[in-house]
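Work through the exercises below with the sequence and the 3D view open. Try each task before reading its solution.

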Amino acid sequence: MKGNNAKGQMRVVEVILASFVIIFALSFVNIFAVTPTSPKYEVTELEKLGYNVLHDLDKQGLLPHFVYSEDWNNLTAALRVSLPMDVYFNLTVYDLNRTQINDAPIFYGDASAFENSKNVASVTYGLVGHDSYNPRILVLQLVRG
Amino acid sequence: MDTGEPVNWGSVDPNWSPEIVKRFGLASASASTFYVLDPDKVQRLVEGNPLGGINYTVVKELLGLEGYEFSFRIIPPFNVTNVDGTKIDDNHSPINETLLEEKVLQYAVKVCYPNGEPIPNAVIEAVVVYTDKSNFAIESPKFTTTDSMGIGRDTINLDFKPSHVTVILRVSVADVATLVVTFGKNPLRFVDINAVGDSIVLTRPKNKTNAEVKLHKIYFFSADGTLVSLYNGTKDDHFNTGEGSPFRLWNKTFPCLKSRNPVVFVINIETVPPKGSGEHGNQEMVIAGPYQNLLGYTVFQYGSSSPPERGAVSLRRSVIISGMTYTAELTLWKESP
């Protein structure tokens with residue numbers, strides 16, 4: 001009788017130990033599990049987002065207004081409220097000779113995110129002019145923060 | 001995102017039911033692009049919409065997403081809150097109520113990005129509509145801008161001491177994004193304001209009151225900041241809100257109303273308040289609605305609220321609803337077995 005009791009207790013101990021092993025194994029697998037990422041999808045999505053925002057601002061007449069009046073503060077604010085909070089951006093405005101026009105940064109986010117991220121999207125958008133032909137090339141870089 | 005089928009499925013009224021929706025889509029049929037959403041369709045996603053809504057399971061089925069979960073969010077481009085960061089509601093008003101006694105309306109709000117960072121130089125336009133026992137008045141729009149801490153405050157002198165006040169704030173950042181926020185001092189709520197298609201429908205609120213209501217005037221505030229007089233009540237525009245009254249208390253169609261992008265309706269009514277309400281005799285009142293629960297200053301969420309940290313796909317797009325810009329976000333993931 002005593003021997004049976006001891007065996008029963010050992011079974012309980014074995015079950016507890018086995019449970020610990022299973023829980024540990026599952027946690028271990030979860031820590032090292034790598035969810036496949038798709039840089040192509042991420043960049044394409046950011047490019048679409050960036051183009052849509054520039055196009056919407058252009059359609060409302062705000063983009064040419066801010067660019068040709070060189071109102072970089074309002075252009076930055078307009079992009080900030082139009083893009084999701086976790087999307088960082090850096091916009092550069094050039095003329096046709098590829099000379100940078102904006103003398104102040106049109107930027108939001110963490111500079112290191114642009115340096116370290118593998119998924120930096122870049123959108124190029126053209127404006128022909130406000131009152132006369134005076135093209136500007138806008139290069140918008142986007143990265144998920 | 002397309003218009004869905006029928007293209008006006010959100011605007012069917014009366015006799016709306018989810019069965020009329022053959023294909024789901026939120027885009028406006030009157031716009032040439034899909035990023036302009038139809039406010040009538042978006043409103044059908046609001047839980048508790050008095051005129052009827054469409055539930056998550058039905059939408060999932062219509063989208064063919066069996067085996068998947070989704071979350072749909074409409075995120076405002078910035079937030080308008082009380083100065084201490086609390087949400088503006090009936091219990092936390094940005095109005096200094098003490099000064100109302102001296103015929104002065106003073107308000108203070110904070111404008112910030114969704115991460116809490118203040119927005120300086122946001123333009124605030126305030127329109128005040130108010131009544132006392134026998135008077136009704138609208139103050140001309142008054143403008144102010146937010147300071148470096150994102151705080152905008154203003155003081156407006158009133159013609160008389162108000163018993164009911166509604167303040168409509170139109171807040172704009174860089175001319176691109178606008179939010180309209182309403183708040184006020186309205187102790188009694190006799191009707192709910194609903195807008196669907198070109199119609200305004202007044203319905204009985206959840207907490208029933210027993211009052212005789214005469215409708216005097218209807219105005220609407222559009223996303224571009226104009227307050228437009230829409231209707232002057234006649235002797236026929238009256239109803240009772242008590243037991244036995246129909247759920248739909250009053251409705252009227254105004255041709256082309258929807259195309260004018262109304263954001264908030266302001267209605268001047270005269271009531272005989274119910275016994276025990278603390279108010280006596282006929283009262284001029286002002287009520288506003290209906291969008292504050294949906295397109296105000298909070299994130300609107302529809303569907304499953306907890307996407308997994310991994311394995312979910314998100315799509316985002318800036319969209320326009322009633323002339324105002326928002327970010328729409330659709331997150332999709334596989335159902336756990």
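The exercises that follow concern a predicted model.

**Exercise 1. The contact between the chains**

Task: Describe the contact between chain A and chain B. How many residues does each chain give, and how much area is buried?

Solution: 
- Step 1. Count the residues. Chain A puts 25 residues into the contact, and chain B puts in 22.
- Step 2. Take the area. About 2000 Å² is buried between chain A and chain B. Carbon and sulfur atoms give 51% of that area.
- Step 3. A:Arg80, A:Val81 and A:Met85 supply 27% of the area that chain A buries against chain B.

**Exercise 2. Polar links and the chain A side**

Task: Find the salt bridges and polar contacts between chain A and chain B, then say which elements of chain A touch chain B.

Solution: 
- Step 1. Count the charged pairs. Two salt bridges run between chain A and chain B.
- Step 2. Inspect A:Asp56. Its side chain meets that of B:Arg317 in a salt bridge, with N to O at 3.0 Å. The distance passes the cut-off, which is within 4 Å.
- Step 3. Three residue pairs across the interface of chain A and chain B are in polar contact, both residues at pLDDT 80 or more.
- Step 4. List the elements. On the side of chain A that touches chain B, α2 (39-59), α3 (62-68) and α4 (72-82) of chain A each give two or more residues. The largest share, eight residues, comes from α2(A).
- Step 5. Sort by class. This side of chain A has 13 nonpolar, six polar and six charged residues.

**Exercise 3. A salt bridge inside chain B**

Task: Which residue forms a salt bridge with B:Arg23, and where do the two sit?

Solution: 
- Step 1. Side chains of opposite charge can pair when their charged atoms come close.
- Step 2. Name the partner. B:Arg23 pairs with B:Asp2, with the closest N and O atoms 2.8 Å apart.
- Step 3. B:Arg23 and B:Asp2 lie in the segment before β1 (36-37) of chain B, 21 residues apart.
- Step 4. Over all chains the count is 15 salt bridges.

**Exercise 4. Backbone exceptions in chain B**

Solution: 
- Step 1. Most residues other than glycine have a negative phi, and most peptide bonds are trans.
- Step 2. Check B:Pro6. A cis bond joins B:Glu5 to B:Pro6, with omega about -5°. B:Pro6 lies in the segment before β1 of chain B.
- Step 3. Check B:Pro14. A cis bond joins B:Asp13 to B:Pro14, with omega about 0°. B:Pro14 is in the segment before β1 of chain B.
- Step 4. Check B:Lys103. Its phi is positive, near 60°. B:Lys103 is in the loop between α3 (97-100) and β4 (104-112) of chain B.

Conventions:
Residues are numbered from 1 along each chain as its sequence is written. Chains are lettered from A and ligands numbered from 1 in the order in which they are written. This is a predicted model: local features need pLDDT of at least 70, side-chain atom pairs count only at pLDDT 80 or more; totals for chains, interfaces and linings use all residues. Side-chain values use heavy atoms; hydrogens and water are left out. Contact means heavy atoms within 4.5 Å. Buried area is the accessible area (1.4 Å probe) that two parts lose on being put together, summed over both. A polar contact is a pair of N or O atoms within 3.5 Å; within protein, one must be able to donate a hydrogen and the other to accept it, and residues adjacent in sequence count only if both atoms are side-chain atoms. Helices (H or I, at least four residues) and strands (E, at least two) are DSSP runs, numbered from the N terminus. Ala, Val, Leu, Ile, Met, Phe, Trp, Tyr, Cys and Pro count as nonpolar, Asp, Glu, Lys and Arg as charged, and the others, Gly among them, as polar.
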